[in-house]
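Visitor: Please bring up the model, and we can go through it region by region.

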Amino acid sequence: MSIEVDRATARVRRLYDRYARRYDRDTGWYERAMLGSARRVLCGQAHGRVLEVAVGTGRNLPFYPPNVSLTGVDLSPAMLAVARQRAAELGREVQLREADAQALPFPDATIDTLVCKLGLSSIPDDRAALGQMFRVLRPGGRLLLLGHVASPYWPVRIVQFVVERFPRRLTGDRQLRRTVPLLEAAGFHVDRRSVRRAGIIELLTASKP
Ligand SMILES: C[S@@+](CC[C@H](N)C(=O)[O-])C[C@H]1O[C@@H](n2cnc3c(N)ncnc32)[C@H](O)[C@@H]1O
């Protein structure tokens, strides 16, 4: 039995349950063209008790330092099944469990590093998810984010607008988000931000004061 979620979230879960078997194959080209070293760069900064939200098929698992204590959550049981297989192949110890980012089942202030990559844009209420991440992070803890956001260049934004129509039907993914105002509203301090690929790919490091 899957965890109970609202309608919009259940729709995203259905989409990813259906997508799970193709996800790694379909996103390989995107990773090579758009992400470059971004997964490695961000995961390398994780330490202590690490929670990855929207862990998906576990594509970040190879990049964590070996000494972190790692937990990954995702909404989609089918995505988690692929992540379990990947963890086994890598010999990576990780707790993988089903959970909704908008209602994280962890106590307050218990996580040292929170990681979320390419996840926020498919979570229906990203504001609520960031609020939950803030809650579970300990003071001084770090949030490592990678995602696609609205480009600062309007011609690129037009392309993003058009592109959003297609994948949104497949995965619920939004292309035109802006993360910094949401982070600040949740209480985070943005420590570092960089963008790549015409400002579409954003890497962010934030902390809980
Ligand atoms: C584009 S995939 C990214 C997966 C992975 N982080 C990566 O970097 O490849 C988005 C993931 O977010 C998950 N997701 C969407 N809404 C969620 C929610 N409310 N709670 C937890 N996971 C969610 C989906 O199931 C999916 O696995």
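Visitor: Where is the place of Val162?

Guide: Val162 has its place in helix H5, which spans residues 154-171. Helices (H or I, at least four residues) and strands (E, at least two) are DSSP runs numbered from the N terminus. The model is predicted, so local features need pLDDT of at least 70 and side-chain atom pairs count only at pLDDT 80 or more, while totals for chains, interfaces and linings use all residues. Residues are numbered from 1 along each chain as its sequence is written, and side-chain values use heavy atoms, with hydrogens and water left out.

Visitor: Is Val162 buried or exposed?

Guide: Val162 counts as exposed, at 53% relative accessibility. Buried means under 20% relative accessible area, exposed over 50%, and partly exposed in between (1.4 Å probe, protein chains only).

Visitor: Which residues form a nonpolar patch with Val162?

Guide: Trp154, Ile158, Phe161 and Leu176 form that surface patch together with Val162, and the accessible area of the patch is about 520 Å². Patch members have over 30% relative accessible area and no salt bridge; like charges are joined within 9 Å and nonpolar side chains (Val, Leu, Ile, Met, Phe, Trp, Tyr) within 5 Å. The areas come from the Shrake-Rupley method with a 1.4 Å probe, and for residues only the protein chains shown count as cover.

Visitor: How many residues apart along the chain are Val162 and Gln175?

Guide: They are 13 residues apart along the chain, and their C-alpha atoms are separated by 9.5 Å.

Visitor: Changing topic to charge: which residues form the positive surface patch?

Guide: Arg7, Arg11, Arg14 and Arg18 form the positive patch. Lys and Arg count as positive and Asp and Glu as negative, with His and the chain ends not counted; the place of a charge is NZ of Lys, CZ of Arg, CG of Asp or CD of Glu. Arg7 is found in helix H1, residues 7-35, and its relative accessibility of 78% makes it exposed.

Visitor: And how many salt bridges does the structure hold?

Guide: There are 12 salt bridges, each being a side-chain nitrogen of Lys or Arg within 4 Å of a carboxyl oxygen of Asp or Glu. One of them joins Asp24 to Arg59, with the closest N and O atoms 2.9 Å apart. Asp24 lies in helix H1 and Arg59 in the loop between strand S1 (49-53) and strand S2 (69-74), so this pair ties together parts that are 35 residues apart in sequence. Arg59 is buried, with a relative accessible area of 18%.

Visitor: What is the salt-bridge partner of Asp26?

Guide: Asp26 pairs with Arg25, the closest N and O atoms being 3.7 Å apart. Asp26 is partly exposed at 26% relative accessibility, whereas Arg25 is exposed at 63%.

Visitor: How far apart are the closest N and O atoms of Glu202 and Arg193?

Guide: In that salt bridge they are 2.6 Å apart. Glu202 is buried, at 4% relative accessibility, while Arg193 is partly exposed at 45%. Elsewhere, salt bridges with shared partners link Asp24, Glu31, Arg39, Arg59 and Arg86 into one network.

Visitor: Why is strand S7 described as largely enclosed?

Guide: 7 of the 7 residues of S7 (residues 201-207) are buried, so the rest of the structure largely encloses this strand. Ile201, Leu203, Thr205 and Ser207 point one way, and Glu202, Leu204 and Ala206 point the other way. In a regular strand the side chains alternate between the two faces of the sheet.

Visitor: What joins S5 to S7?

Guide: Strand S5 (residues 137-148) runs antiparallel to S7 and is joined to it by 7 bridges; two strands pair if DSSP finds at least two bridges between them. Within that pairing, Leu143 has Ala206 as its bridge partner. Strand S6 (residues 189-196) is also antiparallel to S7, with 7 bridges, and Arg192 stands opposite Thr205.

Visitor: Which residue takes a positive phi in the hairpin of S6 and S7?

Guide: Arg197 does, with phi near 50°, and the hairpin has 4 residues between its strands. Arg197 is partly exposed, with a relative accessible area of 39%. Most residues other than glycine have a negative phi.

Visitor: And what is the phi of Leu118?

Guide: Leu118 has a positive phi near 55°. Leu118 lies in the loop between strand S4 (111-117) and helix H4 (126-136), and at 15% relative accessibility Leu118 counts as buried.
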